[in-house]
Amino acid sequence: MAKAKAPRRTLDSYTVKHINKTIKAEDCVLMRPADQSKPQYVARIERIEADARGGNVKVHVRWYYRPEESIGGRRQFHGSKEVFLSDHYDVQSADTIEGKCTVHSFTSYTKLDAVGNDDFFCRFEYNSSTGAFNPDRVAVYCKCEMPYNPDDLMVQCEGCSDCCSSEGQKKLQNSHAASRHSDTKDHLAFGMNLGQNGGYETTT
């Protein structure tokens, strides 16, 4: 006769001792990858559970994928701090948590005065099986007809007052974010469809 599995209980919160941080459901965390040469994994905690004695703590997580982890790979318009909320769920030991982080909405991220190492943003959900994105259509800007990359500084062309170019990394100032929004042309009727292979095509 098989031994009955020990009951587990759900925790409202848990303090990860080696980082001295308290986590709870819906917190975003950085998790240790198996390959130490890779960047930390980003995940959202769905549930925390422990055994009857409060030990062997596990976290149920929903993974965020970095653009290079998606089927189509990283594209020019992907921000350096961009992640996609995937449909990939997992259970991991709480001991693999290396820190807490914040995954902002796209709009909130563009309004930050400064972006820290633990700040990320998400504007897409990602199907890890098909490579499809939701939404699959985004606004494009300027004559380059590319989606907005908030980690690049967009500069309005003085000659045509329309075309813009990327000049280095985002300087992380709120005034820059505001000027980029006002100076770029949003072709709302001319969107960009994200293909299932992670690529994209423009449509009228």
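Is H104 buried or exposed? H104 counts as buried, because its relative accessibility is 15%; buried means under 20% relative accessible area, exposed over 50%, and partly exposed in between, with a 1.4 Å probe and protein chains only. Before we go further, a word on what you are looking at. This is a predicted model, in which local features need pLDDT of at least 70 and side-chain atom pairs count only at pLDDT 80 or more, while totals for chains, interfaces and linings use all residues. Residues are numbered from 1 along each chain as its sequence is written, and side-chain values use heavy atoms, with hydrogens and water left out.

Let us step back to the whole chain. Its secondary structure comes to two helices and 16 strands; helices (H or I, at least four residues) and strands (E, at least two) are DSSP runs, numbered from the N terminus. Of the 204 residues, 41% count as buried. The accessible surface comes to about 11400 Å², and 46% of that belongs to carbon and sulfur atoms; these areas come from the Shrake-Rupley method with a 1.4 Å probe, and for residues only the protein chains shown count as cover. Among contacts (heavy atoms within 4.5 Å) between residues at least 6 apart in sequence, 58% join residues at least 24 apart.

Now back to H104, which is found in strand β8, residues 97–105. The side chain of H104 makes a polar contact of 2.8 Å with the side chain of D119. A polar contact is a pair of N or O atoms within 3.5 Å; within protein, one must be able to donate a hydrogen and the other to accept it, and residues adjacent in sequence count only if both atoms are side-chain atoms. Leaving aside neighbours within four places in sequence, H104 is in contact with Y109, L112, D119, F120, F121 and C122. Two strands pair if DSSP finds at least two bridges between them.

β8 has another partner, β4, with which it pairs in the antiparallel sense over four bridges. Here C28 stands opposite C101 in β8. Both cysteines are buried, C28 at 10% relative accessibility and C101 with a relative accessible area of 9%. A search of the whole structure finds zero disulfides, a disulfide being a pair of cysteine sulfur atoms within 2.5 Å.

In soluble globular proteins, nonpolar side chains tend to be buried together. A nonpolar core is a set of buried Ala, Val, Leu, Ile, Met, Phe, Trp, Tyr and Cys residues joined through side-chain atoms within 4.5 Å. The largest one has 24 residues, of which I23, V29, M31, I48, V59 and I97 touch the most other members. The elements that give two or more residues to this core are β4 (28–31), β5 (41–51) and β6 (58–65). Apart from it lies another core, of 10 residues, among them C28, V42, V83 and F120. V29 has contacts beyond four places in sequence that include I23, Y41, V42, I97 and C101.

From β6 we can walk on to β7. These two strands pair in the antiparallel sense over seven bridges, with β7 spanning residues 84–93, and the bridge partner of K58 in β7 is S93. Two bridges join β7 to β10 (residues 125–126), and these strands run parallel; S86 has Y126 as its bridge partner in β10.

The loop between β6 and β7 holds E82, which is buried, with a relative accessible area of 1%. What does the side chain of E82 meet there? A polar contact of 2.7 Å joins the side chains of E82 and R123, and the backbone nitrogen of G79 lies 3.0 Å from a polar atom of the E82 side chain. Not counting residues up to four places away in sequence, E82 touches R66, P67, F77, F121, R123 and F124.

Our last stop is F133, in strand β11 (residues 133–134). F133 is buried, with a relative accessible area of 8%. The C-alpha atoms of F133 and F84 are separated by 8.7 Å, although these residues are 49 apart along the chain.
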